[in-house]
Amino acid sequence: MERCAARRAPEEERRLRANAREYNEKFQYASNCIKTSKYNIVTFLPVNLFEQFQEVANTYFLFLLILQLIPQVSSLSWFTTIVPLVLVLSITAVKDATDDYFRHKSDNQVNNRQSQVLIGGALRQEQWMNVRVGDIIKLENNQFVAADLLLLSSSEPHGLCYIETAELDGETNTKVRQAIPVTSELGDTSKLARFDGEVICEPPNNKLDKFGGTLYWKENKYPLSNQNMLLRGCVLRNTEWCFGLVIFAGPDTKLMQNSGRTKFKRTSIDRLMNTLVLWIFGFLVCMGVILAIGNAIWEHEVGVCFQIYLPWDEGVHSAFFSGFLSFWSYIIILNTVVPISLYVSMGSVTLSPEVRTVEVIRLGHSYFINWDKKMYCAKCRTPAEARTTTLNEELGQVEYIFSDKTGTLTQNIMVFSKCSVNGHSYGDVQDVLGHKAELGERPEPVDFSFNPLADPEFQFWDPSLLEAVKLGDPHVHEFFRLLSLCHTVMSEEKSEGELYYKAQSPDEGALVTAARNFGFVFQSRTPKTITVHELGRAITYQLLAILDFNNIRKRMSVIVRSPEGKIRLYCKGADTILLERLHPVNQDLANVTTDHLNEYAGEGLRTLVLAYKDLEESYYEDWSERLHQASGAPDAREDRLARLYNEVENDMMLLGATAIEDKLQQGVPETIAILTLANIKIWVLTGDKQETAVNIGYSCKMLTDDMTEVFVVTGHTVLEVRQELRKAREKMMDASRSVGNGFSYQEKLSSKLTSVLEAIAGEYALVVNGHSLAHALEADMEVEFLETACACKAVICCRVTPLQKAQVVELVKKYKKAVTLAIGDGANDVSMIKTAHIGVGISGQEGIQAVLASDYSFSQFKFLQRLLLVHGRWSYLRMCKFLCYFFYKNFAFTMVHFWFGFFCGFSAQTVYDQYFITLYNIVYTSLPVLAMGIFDQDVPEQRSMEYPKLYEPGQLNLLFNKREFFICIAQGIYTSVLMFFIPYGVFADATRDDGAQLADYQSFAVTVATSLVIVVSVQIGLDTGFWTAINHFFIWGSLAVYFAILFAMHSDGLFQMFPNQFRFVGNAQNTLAQPTVWLTIALTTVVCIMPVVAFRFLKLDLKPQLSDTVRYTQLVRKKQKAQHRCMRRVGRTGSRRSGYAFSHQEGFGELIMSGKNMRLSSSALSSFAARPGAGWMETLRKKKGSDGGTAGSPGAAPNKV
C-alpha cells in the first residue's frame, strides 16, 4: 500500500514496453493501487489533531485554555473552555474517522477487484492493486476497466468495442472505441505474449477527451488517439471480451487525475462575518485594555492599602503588572463576545455549540430542498438535490441568473421539423388545397408505411418532401444520403427490422431518424464501412475518414467511397461556418437558403447547413498521406490536423439546410415572469444562432413586444462593437427623465452613470452575437459592455463558447456586488456553473456532467422559482434571524462581566457561576435558536410565490448587514446594563423575609443568570414568526432544564459527592424563594423587552414591510372565512336589511381602499412600491446604485445596504 501514496517527479513523456515489467519498473511508475483515505490507526490521532488545530478557532480556544491554566491570569476553571473544546474535537474526530473508515473500505473494495493479467504467456487472476504499467489485461462484458488501457483487440470485427462512460462524464449512452488495425488481429494469448510494442505518449493529465501517443512495433510507428483508449471507470458493454495494454495506472489514470477538490464557495454573509469578527475582536481588546487600566489604577490607589488581607498573587510586584495580568484574565472572561468559532464554522469546520447549530440549520435547509415533493419530477423520477450545505442562504440573494438555452429552457428533445433542399423549403403544414394551413388546422401526418424500417414515432407534416423522394429528385436523395452517412451514431438491431440508434447528441439522432423514415436507413457501421438501405437497397460505403466535430470547428465531415469508386466529402455544420466555405457558384442558392435559415430561426428552430465535395483520387491519396503523417506527429498534432481539415473542407457544393425543433419546457415563461418581478435579471448564454435565440426569448417572455427597444450588437470589429454599445447607452440616456443629452464619453463613465442607467424610463433588452461578445469582453471594453447590459431587463448572448459563458459570469462577479446563479444541463455549461456564486444543474438529455459540477440540481427549469423564492428566501431569513439573535444573546451574556468589573476592583471576578458559563451556549440557549433557524417563516410558501417582491430584502442585504449588526449589539449591551444594574440596585437595600441582608455574591449571580435566561427566551419568542410544537418544546423546555440544573447544582446530593465543586448548598432554593427576587426578575424582563415590543409595534404601524402587509392580508382573509362560516351556521331571523351588518366588519371599507386585502397582481406589485409602506425598498435600491459608484471601477462597485 505504500506505493499508493508515493510521489514522483513530474513526467515530460511516458515511455513503456508491453510485457516487460523489469523495463517499465525502472521508471517507477505508480501501481494500480489507489488510496483516497487520509489516516491509519497509528497516524489518525496526531494527524487529525494537527489538522483541527490548523483552524483559527481551535487554536484560539487552545490559547484561551493555556491562559486558564495560569493561576495568576485565570479566574475561571479550565473546564469552562476544555469541555466545549474537547467535545467539539471529539465530535469532529469521530466524524473524520467515520468518513475515513468508509474511504478505507471503498479503497479496499476497489483495489481487491480481480482482473485477468497476461503473465508468462498465460492469463492469471490478479488483484487490481497488483496491475502494473505495461501489463496486458483481459476484460469481459460488463466489467469495469481496471486502468487506462490502449485497446489492442476485441471479440468484435475490426477491433471495435463498446463502453459506457457514466462514471467519467455522466453520459449513459454507449460509445465506441477501436483498436489500431495492426494489433486488432492479436486475439489469442500466444500472439499477445509475443507482443513487445513500445508506446511513447503524453504524461498523466486530466483531459478526458484527448490522448496523444505513438506505438512503435516491428520498425513501424502508429499514431494513437483517444479513440484507441479505454479509461478507468468505464464499463465494457455489448462486447464479449477485449485485451488492453496498461498505459496509466492508479493515481495516474484520468479518472483519479480528475478527482481533485472542488473550489469552495463562500456566501456573502460569510464574507461579512469576516469583517464583523475583526471588529468584535478589536472591541474585546478595547474592553480588556479599559479594565486592565482600571485594575492598575485601583491597585495603585486602593489595593495597595489592603495588602495584609488582599495580597497580590505570587510573582506580582507592581500595579502595572497586575493590570497586565488582568488584561489576559478579562480576555478569557469576555471571549464569548467573539464568535470566532461561528465565523470559522460558516466557512469550513464546526467548532463550538453555535457552530454546530449553524451546521444543523444549513443541513436542515438542505433536507427541506431534497424532500420537497413540489420539486420532484415524477416523469423522470428525479428529486431536487442540494449538493452543498453552505450556500442555502445565498439562494435568497440572487440578482443575476445566467441560463443555457438548449435543455435548460427547452426540453432538448429534438424533432426534425423543416428543411431546405436546393432552394426549396419543406415542412410547412398545408391544407387540402396546398395552401399553408393556419394554426389549429394541422392535417394527418405523412404516411411512411411504405418503409418497413421507418420509426413509428417520427412525424412529418409536409407530403411534398416524400413525393420528391419517390420521384427520384437527385438533390433530395443526396440530402438524405448525407444525413445517413455524416454522423457518429451507432445502430443496434434488437430484432429483425427493429433498429435502435445510439446518438451522442439529440440533434444527430433526429437527423438520422429523419433520413431513416424517408428511405435512407442507416443500418450498420464498421471502422471502415457504413451500410445504408437506400429505398430498400443495401449499399455499403467505404469510410475513408471522419473529420470530427468540436466547439471550434462547429462542423463535422466524412469522406466516403461509393460502390462506383467515387470519393465524396459530406459536411454538416453551423451556417456561419459552412456558408463561408462554399464554392462561388453557390451564391444564388446560398442567398435563397439563407432566407430559409432566417425564417426557420425566426420560428425558434435549430439549423444546420449541409454541403458536399467530390475529391479526385490523386488528391485524396496525397491528402490522406499528409493526414497520416500529422496524426503521428509528436508535437502540434491538433494544429496540423486542423489545417488539413480546413484545406479539404473548402469549395463545397451547397445541398440545403435542416431545421430541428426544440420545444420549451413546461412553465418556463411563467417562471421567468415571476423571477423578473422579483427583480432578478436573467441572461441567456447560448450557442444557437441569433434568430433562434431571439425567438426563444420571445417565447419564454424574456423579450416582449411592450419593450421600448431591443438592441442587437453584431459588430465584427472592436470599433463597431464599441459604437453599437455607445449608441444603445445614448438611447437609454435620452429616454431618462432625469438626465439630459449633454454627456461626453468621460462623463458616461463617471460615478453617476450606473445609477442613471438603472433609473432609465422604459424596458430594454440586449442581444449580442458571439463574435461581438469576444470584443466586448476585452479588457478595455468590458466595463462599457457591463454597464449597457446591466441597464437592460434581459440579455441574450448568442453563438457563445463555454469559455465565454464563464467569462460573462466572471465579469458580473468582478464589477457588480451581486449574487450570481448559473444554470445549465450540458458539459459546455460546467465552466459557467463553477464560476457563478451558485451553480444549478439540470438533469436532462445531455448526461449529468452539469449536475456533478453543480451546487443544486433538479430536472426542470420551473423548479428554480421555488428554489429561490421559497427555499432561498426562507434560508436567508432564518440565517439572518439566527445571527442577529446569536450576537444579541452573547453580548447580553458577556457585557455583564464588563459592568461588574467596575464594582469588584477590576479583579476579573465573574458574575455567573462557572457551570452556568459552560452550559449557557451548550444547553440553555442552543435549542430554541436551532428551532427558529430551521422552521421559521415570515409568510407561507404560497404567499412567497404570489408576491415576488418579498424576495428583494435579500438582494439588498436588509435583514443582516452592518447596520442590523450594530442594532443587535446595542440591544445586547442595553440588556446587559439593565440585567446588571437593576438587581444591583435592588440588592443594595433588600432584605430577606427573616430580616437578613439579601445581598450576597451567589444570590446575585442566581438572580442575574435567571433574569438572563428568561429575557433571552422571551426575546426569541418575539423573534419567532412561525410557531411549531418543536419551538414550544425547545423554548419552554430550555427554561425547565435551566431550573432543573440550577436546583441540582445547589442540592445536598451533589455537595456530598463533590464538596469542593458544589459548596453553595441550598443557595438557589433560598434565593428564588424570596418574592423580592422574583419581582426583580420580572422588572428586569419587562424593562428589557418592552422597548423592543414598542419599537416593533411602531415600525409595523408606521413603516410596514411587504411581508407585514402580506401577513395582515392573510389574517383578514382568515377572519373573513371564519365569519362567513359562522353566518352559514346562523339562521336568518330578522329583516333582510340586517344581513349587511352581519356580513361586514368595521374598517373593512378603509381596508379595501388601501388595497391591503387585495391579492397583489403583477401590475399591482409594481405600483405597491410607490406606497409609503414599501417605497423605502426602492429608495434603498436607488441609493445603492448612486452611492456605490460606477460598475466600471473595481474599487468603486456599489455597496449594498
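Which residues touch the most other members of the largest nonpolar core? The legends below begin with that core. The model is predicted: local features need pLDDT of at least 70 and side-chain atom pairs count only at pLDDT 80 or more, while totals for chains, interfaces and linings use all residues. Residues are numbered from 1 along each chain as its sequence is written, and side-chain values use heavy atoms, without hydrogens and water.

**View 1. The largest nonpolar core has 93 residues.** Y912, F916, F960 and L1012 touch the most other members. Such a core is a set of buried Ala, Val, Leu, Ile, Met, Phe, Trp, Tyr and Cys residues joined through side-chain atoms within 4.5 Å; buried means under 20% relative accessible area, exposed over 50%, partly exposed in between (1.4 Å probe, protein chains only). Helix α29 supplies the largest share of this core, 18 residues.

**View 2. F916 and its contacts (heavy atoms within 4.5 Å).** Leaving aside residues up to four places away in sequence, F916 touches F893, Y924, A1009, L1012, V1013 and Y1042.

**View 3. Q28 has a positive phi in a residue other than glycine.** The angle is near 55 degrees. Q28 lies in the loop between α1 (21-25) and α2 (44-52); helices are DSSP runs (H or I, at least four residues) and strands likewise (E, at least two), numbered from the N terminus. Q28 counts as exposed because its relative accessibility is 57%.

**View 4. N422 also has a positive phi, near 55 degrees.** N422 sits in the loop between β16 (410-421) and β17 (424-426). With a relative accessible area of 37%, N422 is partly exposed.
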